[in-house]
Amino acid sequence: RAGGELVWARRFERDMTDALALQEDLAAQVVAQVEPELLLRAGERRSDRLHAPSPRELVMQAIPAIYRLEVGGFNAAGQALEAALRADPDSPSAHIWLVYWYIFSVGQGWSDSPEAAAIRASMLAERAVTLNSGDARALTLAGHAKAFLDRNPREACILHDRALALNPNLALAWMLSGLALAYLGEHEDALIRIRQAIRMAP
């Protein structure tokens with residue numbers, strides 16, 4: 001619950017044959033499903049304070065608009081992320097969410113220059129990983145930038161595997177690593193990873 005409002009609830013039905021495996025499976029699914037909901041809710045909250053938003057607040061406000069994929073809000077999200085980066089050039093989260101923004105911008109066909117967007121996204125991704133090499137989300141989004149924008153899925157797989165080693169409950173890493181394997185033609189392994197992502201965060 002957040003502010004008295006129910007944010008997430010789910011019912012799980014499983015066999016009780018192996019209690020430890022069940023506990024591990026449920027914990028992984030809860031982590032995978034709750035974290036994105038909390039990110040979206042944090043971004044939708046409006047500050048009543050009279051000061052300019054902090055870099056973190058700008059990032060949090062941009063996240064829901066990225067996922068809505070409505071052009072006006074999406075472009076405003078990009079501007080908010082650029083503002084966050086100007087205010088805090090060492091913010092790993094501003095870097096990595098801007099990478100995500102560029103990936104969607106190219107993928108949706110909204111970028112005026114996909115080549116320039118790919119170059120900027122790659123630079124931002126490298127910087128994000130340098131700033132926080134222990135951030136699984138940064139690693140997997142850097143990997144997706146490598147696979148999707150740079151057309152280098154083999155190098156992407158290395159980053160995705162590092163992300164999954166750090167956080168095996170990150171459904172996004174399972175999904176994006178599956179896409180990288182699909183780009184390489186390794187379809188069976190790709191489907192295993194994509195199904196794992198769907199199972200964790202349906």
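Modeller: Contact here means heavy atoms within 4.5 Å. This is a predicted model, in which local features need pLDDT of at least 70 and side-chain atom pairs count only at pLDDT 80 or more, while totals for chains, interfaces and linings use all residues. Residues are numbered from 1 along each chain as its sequence is written, and side-chain values use heavy atoms, with hydrogens and water left out.

Leaving aside residues up to four places away in sequence, Ile66 touches Phe74, Ala77, Leu81, Trp97, Trp101 and Phe104. Ile66, Leu81, Trp97 and Trp101 are the residues that touch the most other members of the largest nonpolar core, which has 49 residues; such a core is a set of buried Ala, Val, Leu, Ile, Met, Phe, Trp, Tyr and Cys residues joined through side-chain atoms within 4.5 Å, buried meaning under 20% relative accessible area with a 1.4 Å probe, protein chains only. Among the elements that give two or more residues to this core are helix 2 (55–68), helix 3 and helix 4, and helix 4 gives the most, with ten residues. Helices are DSSP runs (H or I, at least four residues), numbered from the N terminus.

The axes of helix 3 (residues 71–87) and helix 4 (residues 92–107) come within 9 Å and cross at roughly 150°, which means that helix 3 is roughly antiparallel to helix 4 (angles over 145 degrees count as such). These axes are lines fitted to C-alpha atoms over the stretch in contact, with angles running from 0 to 180 degrees between N-to-C directions. Residues making the contact include Phe74, Ala77 and Leu81 of helix 3 and Trp97, Trp101 and Phe104 of helix 4.

How values were computed: Parallel < 35°, antiparallel > 145°, perpendicular 65-115°, else oblique. Buried < 20%, exposed > 50% of the residue type's maximum accessible area, 1.4 Å probe, protein only.
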